[in-house]
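Hi,

Here is the model I said I'd pass on. Have a look first, and my notes follow below.

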Amino acid sequence: MTETTQTHTAHPGDPDDSFEAYRPRSPEFRAAVEALRGLRQDLIHDAFAYRPLPRKEPTGAVLGRLKGRRREYATWYRHAVVGAGGVLALLIASADNGGGSLGAVLGLLALVPVLMTLVRPIGAFWLSLASTTAVALLGSSYDDWPWLPGSFASHLMVLTVVAIRTRPRTAAWMWLLTAAYGFVAETAFGWGHYATNTAPMLVFSAIILLTITVWHIRRQAEEKVTAQETVTAHERSRRTLLEERTTIARELHDVVAHHMSVVAIQAEAAPYRVENPPPELEKAFATIRENAVAALTELRRVLGVVRAEDYEVPDAPQPTLAELDGLLANVREAGLDVEKGVTGAVRELPQGVELSAYRIVQEALSNTLRHAPGASARVEVGYVLGGLGLRIVNGAPPNPTLIKPSPGAGHGITGMRERVTMLNGEMTAEATREGGYEVTVFLPVPMAAEPATSPSAPVRAADEGGA
């Protein structure tokens with residue numbers, strides 16, 4: 001006999017779902033809960049927290065030109081503007097009530113909320129509503145309700161400063177609470193007054209807050225664009241650096257693989273060039289060939305991963321300084337007036353050094369064509385005792401308006417530095433006083449070791465001959 005047990009799976013729509021009573025009944029309810037949570041977070045939680053307005057950084061087209069104490073004082077201009085607005089509200093409130101002690105008190109009630117926005121912005125909003133109520137009860141006006149002229153100006157200034165110092169959602173909450181305050185004041189306490197000014201307050205405050213909100217949104221968008229451009233430029237530079245290193249690795253692979261192949265072939269052919277070579281010599285050459293082939297195989301396995309799938313090994317040998325005249329001829333055809341100077345005794349250098357020197361000159365002349373159209377250039381190659389010196393300098397462009405912005409600016413310099421660093425060399429790239437650009441490179445080349453001769457060798461040879 002088999003017993004079957006059925007499991008009931010509760011769905012949200014089932015009437016016996018025990019969790020149904022704990023779920024929001026509608027999207028509207030959830031929206032209301034989120035709204036109340038946002039109101040509490042923006043205007044109630046830490047409403048009177050101390051948040052002083054910092055000084056303005058002395059940058060920009062105006063502040064950057066000031067010097068000395070003027071520049072220091074100018075960094076407080078935002079505080080001065082808020083203070084001037086508070087004084088204006090004080091004068092309006094005092095004059096509206098005919099001056100005297102009552103006018104002074106009402107003026108202070110209009111001034112304090114404005115000044116409080118400098119240190120406690122959210123608390124200043126609540127204080128402005130309380131101050132509006134106090135001024136309306138103490139003042140005498142039958143034409144303006146619930147905002148007397150001084151309170152009207154003070155509350156608008158408070159809304160403006162707080163909206164600038166906080167986020168757009170806070171501005172929306174302040175406007176809604178201002179509307180609710182005006183509605184309650186008109187309906188419950190508006191009797192005995194000829195006119196109310198809730199509508200003008202809502203219209204003017206809506207225009208101001210909407211303008212500030214648009215400004216906030218635009219500034220945030222600009223900050224995001226700037227941050228994205230910074231990240232993009234960093235990634236582009238990093239990608240260019242990796243591509244240049246990949247190119248260098250490919251060229252090194254080709255150079256080293258060529259020489260290792262030559263070593264293997266020569267080690268295999270060497271025993272056949274000597275008649276009756278001793279077994280020890282044949283074994284030594286066989287070991288050399290095996291090591292060369294093993295190293296070549298390992299080199300291709302490790303460095304072969306840097307090749308793209310469509311990369312093909314060039315049939316022609318990699319360029320050297322011997323092909324430098326052809327490079328200069330090509331750039332002359334492109335419109336660059338370039339001269340060449342060679343100092344020192346020309347000699348053959350390691351292929352890696354010659355290849356890197358050729359690529360550095362090529363990139364420097366390409367930068368001249370791109371960033372200094374119409375300028376002349378000079379390439380100097382110096383063969384010195386400890387290595388190779390390069391100097392590529394160009395003059396100032398005759399017509400700077402022809403220079404077009406290049407998104408890859410500076411990446412060619414990065415590639416040149418990578419080649420120089422690979423060879424333990426030194427490089428400087430900087431603008432000249434005449435408005436041109438100069439690239440100076442030194443690539444060290446170790447001196448070939450001369451065969452050492454021992455004084456006892458001739459004696460030993462003579463002794464062996466005599467024996």
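Predicted model: local features only at pLDDT ≥ 70, side-chain atom pairs only at ≥ 80, totals over all residues.

Which residues of the largest nonpolar core touch the most other members? They are L365, L388 and L390, in a core of 31 residues. By nonpolar core I mean buried Ala, Val, Leu, Ile, Met, Phe, Trp, Tyr and Cys residues joined through side-chain atoms within 4.5 Å, where buried is under 20% relative accessible area, exposed is over 50% and partly exposed is in between (1.4 Å probe, protein chains only).

Residues are numbered from 1 along each chain as its sequence is written, and side-chain values use heavy atoms, leaving out hydrogens and water.

Back to that core: α11 (351-371) gives the most to it, 7 residues. Helices (H or I, at least four residues) and strands (E, at least two) are DSSP runs, numbered from the N terminus. L390 touches A357, I360, V361, E380, V381, V439, T440 and V441, leaving aside residues up to four places away in sequence; contact is heavy atoms within 4.5 Å. Another core, of 29 residues, lies apart and includes V114 and W147.

Elsewhere, L137 sits in helix α5 and counts as exposed, because its relative accessibility is 65%.

Finally, E323 is in the loop between α9 (279-303) and α10 (324-333). E323 is partly exposed at 40% relative accessible area, and its C-alpha is 8.2 Å from that of Y358, 35 residues apart along the chain.

Cheers
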